[in-house]
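Hello,

Here is the structure I said I would pass on.

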Amino acid sequence: MQSCPFIHSAKRLDNQAERDILSAQWSRMTPKLKAKSIGGVMEITKDIKYVGVNDHDIDLFEGQYDVRENGMAYNSYVVLGEQKVAVMDAVDAHFVDEWLGNLETALDGRTPDYLVVHHMEPDHSAGIAAFAKKYPEAQIVASAMAFKILSLIHISEPRDISGS
């Protein structure tokens with residue numbers, strides 16, 4: 001069995017100084033976007049909109065990174081192509097309604113064709129079932145392993161993803 005080079009086990013940080021250092025590093029790595037904002041939607045480019053949400057109540061990201069000062073962003077984007085629309089990732093369960101509202105604003109009457117699921121951590125995937133209910137014609141794009149998990153909420157892997 002091959003291991004994925006992008007997956008690593010995280011060391012639990014019990015020392016507050018280590019957590020503070022990593023939080024500062026995390027903040028420096030997070031890009032500061034200069035984007036036009038409309039409600040909860042930020043225009044990154046004409047065709048790419050940020051529809052994620054911010055969590056200002058969380059104190060630790062992934063149970064170890066101190067984010068009390070700035071909170072946490074659950075990132076999700078909409079790519080508005082000429083013919084197709086793709087949504088990138090969902091958000092944490094506590095923010096699904098806000099995310100769907102942001103998404104509706106960004107779509108401006110259009111309907112998403114795809115929801116691309118990058119991975120199944122709950123802060124990226126908790127809104128998938130609500131998305132599938134609201135947009136039943138949208139195709140969910142994910143890995144085979146993600147579809148095994150999605151099958152638990154009755155979302156099955158598509159038989160033909162080529163569009164033919």
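Which residues does Phe131 touch, not counting residues up to four places away in sequence? In this predicted model, they are Val87, Trp99, Leu100, Leu103, Pro112, Tyr114, Leu115 and Ala138.

Phe131 also belongs to the largest nonpolar core, which has 29 residues. Along with Val78, Val87, Trp99, Leu103, Leu107 and Leu115, Phe131 touches the most other members of that core. Two or more core residues come from each of strands S7 (72-74), S8 (77-80) and S9, and from each of helices H2 (96-107) and H4 (128-134). Helix H2 gives the most, with six residues. In soluble globular proteins, nonpolar side chains tend to be buried together.

Asp89 is a separate point to look at. Asp89 sits in the loop between S9 and H2. Asp89 is buried but has no salt bridge. The nearest side chain of opposite charge belongs to Lys134, 18 Å away; a salt bridge would need the charged atoms within 4 Å. Leaving aside neighbours within four places in sequence, Asp89 is in contact with Asn75, Ser76, Trp99, Leu115, Val116, Val117, His118, His119 and His124.

A word on confidence. The mean pLDDT of the protein is 74, and 66% of its residues reach 70 or more. Strand S9 (residues 85-88) has the highest mean, at 95, and strand S1 (residues 36-38) the lowest, at 53. Over residues 1-13 the pLDDT is below 50, and this stretch has 10 contacts in the model beyond near neighbours in sequence.

Regards

Note on methods. Residues are numbered from 1 along each chain as its sequence is written. This is a predicted model: local features need pLDDT of at least 70, side-chain atom pairs count only at pLDDT 80 or more; totals for chains, interfaces and linings use all residues. Side-chain values use heavy atoms; hydrogens and water are left out. pLDDT is the predictor's confidence in each residue, from 0 to 100. Helices (H or I, at least four residues) and strands (E, at least two) are DSSP runs, numbered from the N terminus. Contact means heavy atoms within 4.5 Å. A nonpolar core is a set of buried Ala, Val, Leu, Ile, Met, Phe, Trp, Tyr and Cys residues joined through side-chain atoms within 4.5 Å. Buried means under 20% relative accessible area, exposed over 50%, partly exposed in between (1.4 Å probe, protein chains only). Lys and Arg count as positive and Asp and Glu as negative; His and the chain ends are not counted.
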